[in-house]
Amino acid sequence: QVQLVESGGGLVQAGGSLRLSCAASGRTAGNNAMGWFRQAPGKERDFVAAINWSGGRVYYADLVKGRFSISRDNAKKTVYLQMNSLKPEDTATYYCAARESDNTGVYYYTASSYAYWGQGTQVTIPS
C-alpha cells in the first residue's frame, strides 16, 4: 500500500508560480511511477504530468507543456510539480497518483492506470 499526501496549493495571481509536493509513504512506496492530475468543478479529472521511477522519462499534457515541470526526489519519496506562468484556467484541485509499476507505461495519461491517489490540493488563479 502507498499513501500520498499533496501540499503546496493556494491562491496566486495570474502569471505567478506554485510548487506542489506529493509525499509518499507506506511499505511499497518509493519505486512507483507517479502522475499529477487535476479536476475543475463540473469537469473530468485530466492528466497533467507523469514521471517514471528514475525521473528519466517525463510526460506533459499539451496545455501545461513549457509551463509546468515534474520532478522527484526518491530519497525523500516526494514528487514535485513546479507550475509557472499560471493562468485562471489552471484553477482546479490537483491530485497526485502512483502506479504499481516503476514505469509510466503507455497509458500514463489515463487515471485508471494509477492505483493510489492523494486527497488533492486546491490551486486557484483568479481571473
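Which residue in S10 does Ala98 stand opposite? Ala98 stands opposite Tyr116. The structure is a predicted model, in which local features need pLDDT of at least 70, side-chain atom pairs count only at pLDDT 80 or more, and totals for chains, interfaces and linings use all residues. Residues are numbered from 1 along each chain as its sequence is written, and side-chain values use heavy atoms, with hydrogens and water left out.

Strand S9 covers residues 92–98. Strands here are DSSP runs of E with at least two residues, numbered from the N terminus. S9 is mostly covered, with seven of its seven residues buried. Buried denotes under 20% relative accessible area, exposed over 50%, and partly exposed in between (1.4 Å probe, protein chains only).

S9 pairs with several strands; pairing requires at least two DSSP bridges between two strands. Strand S4 (residues 34–39) runs antiparallel to S9 and is joined to it by six bridges. Within this pair, Gln39 has Thr93 of S9 as its bridge partner. Three bridges link S9 to strand S11 (residues 121–124), again antiparallel. Here Tyr94 is partnered by Thr121 in S11. Strand S10 (residues 116–117) pairs with S9 over two bridges, in the antiparallel sense.

A further group of four strands forms an open sheet in the order S1-S3-S8-S7, with antiparallel pairing. Strand S1 (3–7) and S7 are the edge strands, each pairing on one side only. Neighbouring strands of this sheet are turned by 15 degrees against each other on average, direction ignored. Such angles run from 0 to 180 degrees between N-to-C directions, with axes fitted as lines to C-alpha atoms. Inside the sheet, strand S3 (residues 18–25) and S8 are antiparallel and share six bridges. Arg19 has Gln82 of S8 as its bridge partner.

One cavity of 30 Å³ or more was found in the whole structure. A cavity is a set of points on a 1 Å grid over the protein atoms alone where a 1.4 Å probe fits but cannot get out; lining residues have an atom within 4 Å of a point. The volume of the largest cavity is about 50 Å³, taken as the space filled by probe spheres set on the points. Strand S7 (68–73) and strand S8 (78–83) each supply at least two residues of its lining. The lining includes Ala24, Gly30, Asn32 and Met34, along with Arg72, Asp73, Asn74, Lys77, Thr78 and Val79. By class, the lining holds three nonpolar, four polar and three charged residues. Gly counts as polar in this scheme, whereas Asp, Glu, Lys and Arg count as charged.

Terms used: On a 1 Å grid over the protein atoms alone, a cavity is a set of points where a 1.4 Å probe fits but cannot get out, and a pocket is an open set with protein on both sides within 12 Å along at least five of seven lines; lining residues have an atom within 4 Å of a point.
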